[in-house]
Amino acid sequence: IWVSEMLQLPLVVTAQVDLLLVLVSLLAFWTRLSHLSYPNAVVFDEVYYGQFVSLYMKRVFFIDDSGPPLGHMILAFGAYLGGFDGNFVWNRIGAEYPTTVNVWSLRLLPALCGALCVPLVYLLTLELKFSHLSALGAAVLLLLENSLIVQSRFMLLESVLIFFVLLAFFSYLRFHNASWSRYIWLILSGVSCGAVVGVKYMGLFSYLLLLVVASLHTWKLIGDKTISHRNVCVQCVHRVLCLVVVPVLLYVFWFYVHLSFLNRSGPHDQLMSSAFQASLQGGLSRITRGQPLEVAYGSQVTLRSSVSQPIPCWLHSHKVNYPIRYDNGRGSSHQQQVTCYPFKDVNNWWIIKDPGRQQLVVDTPPRPVRHGDVIQLVHGMTSRFLNSHDVAAPMSPHTQEVSGYIDFNVSMPAQNLWRVDISNREAESEVWKTILSEVRLVHVNTSAVLKLSGVPLPDWGFRQLEVVADKLFKAHSSSLEWTVEEHRYGTSQEQKEREAELHSPTHIDVDRKISFWAKFVELQWKMLTVKQEESEHKYSSSPLEWITMETNIAYWLHSSTNAQIHLIGNPVSWGVGNLSLLAYQLLAVVYLLRRRRGLKDVPDGVWDQFVCLGCVCVGGWLVNFVPFLLMDKTLFLYHYLPALCYLYLLSPALLEHAHTHLLSSLTHQRALCVGALAVLLSIFLTYRTFCPLTYGSPELSAHQLQGLKWRDTWDILYRRR
């Protein structure tokens, strides 16, 4: 009896369900996930991302200069759920997937993210303090946007990026508006921000926009005298921790997982330093494992240029001399050529010699070479000394020639002394170390520094890269730095025995690794500086073409029929978004001018709502569009999709603002509602019209396809029958 009194039986639980939210969510999942395995072929950029997914499955290291690793990890996780083993060659668009590849699983996670964007826009509109009707309008615009459907149904990353951006803003605004459990939302916003930047670097601009909005709210909070100083400090600290520290830690964490998981050597190793390569299983690590750590007098070494990217090259010489005269009539020393050679070769070996001694073998115990020591470099196979002098280099006449010295008795004495300058000795030590030390070789006689100019030599130099000595050099130029990659202690004084020794492999069972932070910093630098060669693409476009939708992209064409998939937006909703953007800006200017004159057309609360809408939606469009105007890279229509989502968020909210605060006449309000319904109907009809190009079915005739070419600049493919 006592228990029943305490519990107040019967227990009743009351729940509120937003049926509109449920409806748009179900429709979103239906439009994004139905028949996800069709077509059973590689679609457009799946050929690009699929290669990285295969490398993940095989735990092979790679570097993608277009973005951080989280997006690739999400795609790889979807492939893992489907049992993909990585054994598929992503070599061309349209290649059929074998039956062993679970196509549905490969595309599942991007499709889920694309579907969840629809309810997120609904909820985000509510957090901007607009009505459920406006939220429904924003959700419908996203729901019926053909380009967003296409982009989310394949193994691509835009839908993932948009999902995390919307989640970050929704979580932050929920935190800002909530009265309880609010810090859970702030943490979720910080986590989403970390994911935004972790998927694509373009997400950084949306993240910065969120920080600006949060900063404005925090500044307003600081000026609120009803809140104690202690409470203000606590809330500021919470915001910094959740919106700055958490995203930074997560960003580093994505790379920690990436580098920990991809521990095998692969095709992208050559982009990284020798130390980075040696930390991976296979590849260079098999060659360098167990090498002596400290370079000593008598060491046999190969010297790799630190700037030779993306193709590595090593200091090299061979039994061929510079021509007596070059094509332009300039003379040379006619001494032995010294170049940089992009392949492993026995002629890449050099011997570190003490200028005061004749021996070319390592002492017992070895005498290490230190920063500031003066050495000679003897070419292992020809015994020529590395030399430089006041003779112009063949391709870079403003620098000195570097040669293997030959005494022709023509009053050109040997100048073969080099001072060792270890540029990163603060991080390591004064001792020259294999792989770890970055060394500059300073010519003692002229103070010039050994440098890779990177200019290919003519046929007489076998198209190898020119090496020079330069007096006018930048203090931190990586073209001046060399790293000992392969290293052994020399044991043979005689030339014949030494040549045999240089041809033989070395191996001692010692292992050496570099820290995660060293790998993280190097990988960051490579991603930001080493760019793959850009090439013109048939479907590339300029940002200004996106606004008016003058371009499209053919994603897939059936091998024998007219069935095809195109990235084409919904022209009606695209136009609505552009008009809303223009209308908001004009209205904002009018409001600002009138408020400057002391005329307040709307109450302060409505004005704050209007300003917040502009910061999020217009600001979101700007930060996701303007940067592309400044980029010198190949761009495509799908780069515009994140900016487009902000316009779809803006349109219904601006319509509600006009209906509620600008139109006082009931007739005008009804006319606006009728016009809005007509526009929604035309958006739906346009969506249905372009569905065959969105889903790839049903197949259309050539005449029907011609009818879908609403703009002359669209490239619709068809076969005449």
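Tyr 56 and Phe 62 are both buried, where buried means under 20% relative accessible area, exposed means over 50%, and partly exposed covers what lies in between (1.4 Å probe, protein chains only). The model is predicted, with local features needing pLDDT of at least 70 and side-chain atom pairs counted only at pLDDT 80 or more, while totals for chains, interfaces and linings use all residues. Residues are numbered from 1 along each chain as its sequence is written, and side-chain values use heavy atoms, with hydrogens and water left out.

Rings of Phe, Tyr and Trp (its six-membered ring) pair if their centres lie within 6.5 Å; planes under 30 degrees apart count as stacked, over 60 as edge-to-face and the rest as tilted. This rule gives 42 aromatic pairs. One of them joins Tyr 56 to Phe 62 edge-to-face, at 5.5 Å centre to centre and 75 degrees between the planes. Ring pairs also link Tyr 56 and Phe 62 with Tyr 48, Tyr 49, Phe 52 and Phe 261 into a cluster.

Phe 170 and Trp 185 form an edge-to-face pair, with 5.5 Å between centres and 80 degrees between the planes. Phe 170 lies in helix α8 (residues 158-177) and Trp 185 in helix α9 (residues 182-199), so the pair ties together parts that are 15 residues apart in sequence. Helices here are DSSP runs (H or I, at least four residues), numbered from the N terminus. Phe 170 counts as buried at 5% relative accessibility, whereas Trp 185 is partly exposed at 21%.

The ring of Trp 185 also has the charged end of Arg 174 over it, 5.0 Å from the ring centre. A charge sits over a ring if NZ of Lys or CZ of Arg is within 6 Å of the ring centre and within 35 degrees of the ring normal. The charged end of Arg 182 sits over the ring of Tyr 183, at 5.7 Å from its centre.

Notes:
Helices (H or I, at least four residues) and strands (E, at least two) are DSSP runs, numbered from the N terminus.
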